[in-house]
Amino acid sequence: MTKIIVDSNIIFSTLLNINSRIGQILINGKKNYDFYAPKYVRTEILEHQEKIKKIAKLNNDDFFEVYELILRNIIILNHSILPIENFNKATELCKDIDVDDTLFVAFSEYLKADLWTGDKKLLSGLTKKGYRKTITTEKLYQDFRKKNKL
């Protein structure tokens, strides 16, 4: 099973359009991928729920229905299990890119998982530093289609 760390922007994209490629992978990819995210994503999503509901034209019930559907497919990781060396390496990698992504990179290191993000600044910054444990939506979608014979 392929391990994937899911960045917040991927979850936001799914909340905005569950029928998108991103949504289809996240909702229907559980038999091929183990999705993980730090527990911080819950707080981040709920902090932005009003904006998400407005953009996606979701009422409160619909928002929480989609929210639960998405999180049902993601293993939420408690930050306390993260070894300090993984956190320190991620801090060094993210310090001049975006410190808000540190936990995602740290869990990617810890689980030896690919980081799935749509954040071009993060992808570019990590690539420039030689970090290769990332996956784009396009590459993941191609793999998803191949595995599901679509």
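**Close-ups of a predicted model**

**View 1. Helix 1 meets helix 5.** Ile11, Thr14 and Leu15 from helix 1 touch Phe63, Val66, Tyr67 and Ile70 from helix 5, where contact means heavy atoms within 4.5 Å. Sorted by class, this contact has 6 nonpolar, 1 polar and no charged residues. Helices here are DSSP runs (H or I, at least four residues), numbered from the N terminus. This is a predicted model, so local features need pLDDT of at least 70 and side-chain atom pairs count only at pLDDT 80 or more, while totals for chains, interfaces and linings use all residues. Residues are numbered from 1 along each chain as its sequence is written, and side-chain values use heavy atoms, with hydrogens and water left out.

**View 2. A look at Phe63.** Phenylalanine 63 sits in helix 5. At 0% relative accessibility, phenylalanine 63 counts as buried (under 20% relative accessible area, with a 1.4 Å probe and protein chains only). Skipping neighbours within four places in sequence, phenylalanine 63 is in contact with Leu15, Ile45, Leu46, Gln49, Ile52, Lys53 and Leu58. Its C-alpha atom is 7.9 Å from that of glutamine 49, which is 14 residues apart from phenylalanine 63 along the chain.

**View 3. Inside the largest nonpolar core.** A nonpolar core is a set of buried Ala, Val, Leu, Ile, Met, Phe, Trp, Tyr and Cys residues joined through side-chain atoms within 4.5 Å. The largest one has 48 residues, and Val6, Ile11, Leu15, Leu26, Phe35, Ile74 and Trp116 touch the most other members. Beyond its neighbours within four places in sequence, isoleucine 74 is in contact with Val6, Ile11, Leu26, Phe35, Tyr36 and Ala37.

Key
Buried < 20%, exposed > 50% of the residue type's maximum accessible area, 1.4 Å probe, protein only. Helix = DSSP H or I, 4+ residues; strand = E, 2+ residues; numbered from the N terminus. Nonpolar A, V, L, I, M, F, W, Y, C, P; charged D, E, K, R; others polar.
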